[in-house]
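Here are some notes for your first look at this structure. Please keep the view open as you read the points.

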Amino acid sequence: MSRKFWGYRIDKTKIDYFRQELQEGRLRQGWGWKDEQNLRQLTMDSGARRNLPIFRKVKKGDILLVPRLPTWNEVAIVEATQDFSEGYDFSIDPKLGDFGHIFPARLIKSFNRKNTNVLGDLRASLKQVNRFWNMTHCKDSIEKLINHDDLLVDSIGFSNRFNNLLTDNISKSLEQTDFYTNFYQQMNEQFSNEEWEYALVEGIRKILPEPILVERTGGVLEKEHGTDILITLPGLLGKSYGIAIQVKDYRGLMSDGAIKQIQKADSWNNENLTIIDKYVIVTQCSKDDHPEDFQNADGVTILFAEQLESLLKDIATGFIGLDKN
C-alpha cells in the first residue's frame, strides 16, 4: 500500500522542546496531561480524543509535515517509523506536565514554505488550521522536496518569485513556440489562492506605466469591497478612476460567487474615485465550459484561463519586448 501524507500541528510555544524530542525519535502531541488521557485506554477526554485520528490513521512509512519545526520559519518532513497505533507511548513530560502522547517518527529534512521549490498546492494546504489533516493530494509536491538535493530553507518573496519565474522561462525558452503556455503552466504550479494576487500585481505593474497605481487590496477588509487588486488611473482635477479585480484559483466550473463579490467594488466610489470597470480572473477555468451570458455578467468581465494566458503574454512582451506571435 502506498504511503499517505499528513499535516500535523504542534504547540508553537514549545518549539525547542518538540525539536529535541523529535531528535530522539519522538513526535509529541498535547492534551495529554492525565494518565486517563492515554489513547489506548482513554477514560478522560478534555480534548485528548482529537488525537485519535492520528493514533488510528498514520501507518509506518507515512509522511507528516509539521509547521514551525525545527524552527519558526520551517516545516519539518517527518516519517512514521512504526504504525502509530503500535508504536504509540504515553508518558507525561514531568517538567511541562503535558504532551504525554508520543508517536514514533524521524526527521527527514525541513524546508521554508517560501522556498522556490515549494509549489503552490503545498503552501495552500499548509495554511490549514487543523491539528491533523490529509495532505495526500500534495503527494507529488512533497515527494519532490524529499528527493531534492539542495537546501530548502532559504525563502523568496512573491515579487522575486514572479520575476525569477519570468526571466528563467525567457532564458530557457526563447526559441520555443510554446513559451507562453509553459509560463502559464508554471505560474499555476508556483502560485495558488491569494498568491496569484501578488504575482499579478507584480506582472500588471510591468505593462501599465506610471502614474497608474496597481496595488493588492485583498485582506481582512476584502469582505467589504470584494476587491483583490485595484488599478487606479489618474484623471483631471484630482479625480481618479478605478479598475477592480477579483482573483480566484478555480478549476472546472465556477459559480457566480466571485461576480457577487466584485460587485461590492462600488463601495470604493467617492468624490475622488470612481470605479469604471470590474473583472474576475479565474486561473484554471476554461471559457469553453461556460455559457456566453455568464462571461460578461452584470457588467463584470470574466477572464478565463485562455485570457489569463494572453495577459501573461502581454506581461512577458512588456518585460522583454518579445514578439507575441
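This is a predicted model: local features need pLDDT of at least 70, side-chain atom pairs count only at pLDDT 80 or more; totals for chains, interfaces and linings use all residues.

1. Ile15, Tyr17, Phe18, Glu21 and Leu22 are its buried residues. Around the axis they span an arc of only 160°, so they lie on the same side of α1.

2. What covers this buried set? Strands β2 (26-29), β4 (74-80) and β6 are included in the cover. After α1 comes glycine 25. Its phi is positive, near 85°.

3. Now look at the rings. The structure has 8 aromatic pairs. One of them joins tyrosine 17 and phenylalanine 18. Their ring centres are 5.7 Å apart and the planes meet at 80°, over the 60 degrees required, so this pair counts as edge-to-face. Tyrosine 17 and phenylalanine 18 are both buried.

4. Phenylalanine 18 also pairs with phenylalanine 99. Here the centres are 5.3 Å apart and the planes are again at 80°, so this pair is edge-to-face too. Distant parts of the chain are linked by it: phenylalanine 18 belongs to helix α1 (residues 15-23), while phenylalanine 99 is in the loop between β5 (89-90) and β6 (101-112). The two are 81 residues apart. Both phenylalanine 18 and phenylalanine 99 are buried.

5. Which residues make up the aromatic cluster? Phe55, Phe84, Tyr88 and Phe103 form it together.

6. Finally, check a charge over a ring. Arginine 68 places its charged end over the ring of tryptophan 72. The distance to the ring centre is 4.0 Å.

Notes: Residues are numbered from 1 along each chain as its sequence is written. Side-chain values use heavy atoms; hydrogens and water are left out. Rings of Phe, Tyr and Trp (its six-membered ring) pair if their centres lie within 6.5 Å; planes under 30 degrees apart count as stacked, over 60 as edge-to-face and the rest as tilted. Buried means under 20% relative accessible area, exposed over 50%, partly exposed in between (1.4 Å probe, protein chains only). Helices (H or I, at least four residues) and strands (E, at least two) are DSSP runs, numbered from the N terminus. A charge sits over a ring if NZ of Lys or CZ of Arg is within 6 Å of the ring centre and within 35 degrees of the ring normal. The arc is that of the directions from the helix axis to the C-beta atoms. Contact means heavy atoms within 4.5 Å.
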